[in-house]
Amino acid sequence: MTLELYHFDRSTAAQKVRLALAEKGLEWDGRYIETGFDKRDQHDPEYLKLNPRGVVPTLVHDGKVIRESNVILEYLEDAFPDHPLRPEDPFERAEMRLWTRKIDDGVHIDSRTVGQCIAMRFRSLEADPAIVEKHYREMPEIVRRKNDLINNELGVDSPLLPDAVGTFKTLFNEIDTTLADGDWLVANMFSLADISMVVYVNRLASFQMAPLWDDLDRLKDWNARIMARPTYVTAVTDWGDTTSQKRIELGNQAFPKVKAMWDAA
Ligand SMILES: N[C@@H](CCC(=O)N[C@@H](CS)C(=O)NCC(=O)O)C(=O)O
């Protein structure tokens, strides 16, 4: 049996899959996708055959290609039922899926907007404009391309940012409220719901935004519990991220404006 994962360090969508693989004790071979403007492996024609949207993760299980992180997570549950990360009960399973689908309903794209406006635009601003232009011309996903172009140009003044910040205020409050009923989001077990949400909390924290949710004690405790799991350390923390210093610097600069948006949301 072989499992190959196309991924990169700081990708939230890939972090979820690495975390599930670790929780399930599955061995996998990594295929690292370099997204720097000088490499752009995600737009390589060979990779686009596996993942036409030009994104990670992609899982290849014994030659079968599975895309979309939420689909991959459910596939792993179906193919490898040991160490379940999904409740048995149909109603609880439905509740779990209401959490995971939030990501595809907007959380992921809003996370990209927040990250791009606060910090990640620096990559485009510092690169050769001709290479950046080619990158966006070849980017298969139109929404991502359009949003990035606005966010790269305007940063924290992007008209897309206030709503994206509002998405996280609503989401993090919902997580905090739900945790009043137990340690985990669904069915008193660590599940795909927790895995799917926690990576976004830490994504925003990587941009120095954690003071925004300093009043959400249950969310903070839940986050700390997950980060203390040995699987989180190997699947997420140890992978680090090559842009962390820049994120800290630019995150601190952006904080007052983002806080004003959070307070107004
Ligand atoms: N809906 C997709 C989203 C995947 C996605 O956005 N991946 C990002 C990293 S988190 C990526 O590959 N970005 C590369 C790029 O935008 O060029 C999933 O859940 O698998």
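A residue counts as buried if 20 or more other C-beta atoms lie within 10 Å of its own, as exposed if 12 or fewer do, and as partly exposed in between, with C-beta atoms placed from the backbone. Keep that scale in mind as we walk through this predicted model, in which local features need pLDDT of at least 70, side-chain atom pairs count only at pLDDT 80 or more, and totals for chains, interfaces and linings use all residues. Residues are numbered from 1 along each chain as its sequence is written.

Let us start with the whole chain. It holds eleven helices and four strands, taken as DSSP runs numbered from the N terminus (H or I, at least four residues, for helices; E, at least two, for strands). Its radius of gyration is 18 Å, close to the 18 Å that the globule rule gives for 265 residues, so the chain is as compact as a globular protein of that length; the radius is taken over C-alpha atoms, and the rule is 2.2 Å times the number of residues to the power 0.38. Of the 265 residues, 37% are buried.

Next, the domains. The assignment, which is automatic or from a database, gives domain 1 (3-79) and domain 2 (90-264). Their centres, taken over C-alpha atoms, are separated by 19 Å. Across the boundary, 18 residues of domain 1 are in contact with 29 residues of domain 2, a contact being two C-beta atoms, placed from the backbone, within 7 Å. On the domain 1 side, α1 (12-23) and α3 (69-79) are the elements that give two or more residues, and α1 gives the largest share, eight residues.

The elements that give two or more residues to the shell around the ligand are α1 and α3. Of the 13 residues around the ligand, S11, A13, V55, V56 and S69 come nearest, where a residue is near if its C-beta atom, placed from the backbone, lies within 6 Å.

V56 leads us to the backbone: a cis peptide bond joins V56 and P57, with omega about 5°. P57 lies in the loop between α2 (45-50) and β3 (58-61).

Two loop residues other than glycine have positive phi. R40, with phi of about 55°, lies in the loop between β2 (29-32) and α2. A187, with phi near 60°, lies in the loop between α7 (161-178) and α8 (192-206). R40 is partly exposed, with 18 other C-beta atoms within 10 Å, and A187, with 18 C-beta neighbours inside 10 Å, also counts as partly exposed.
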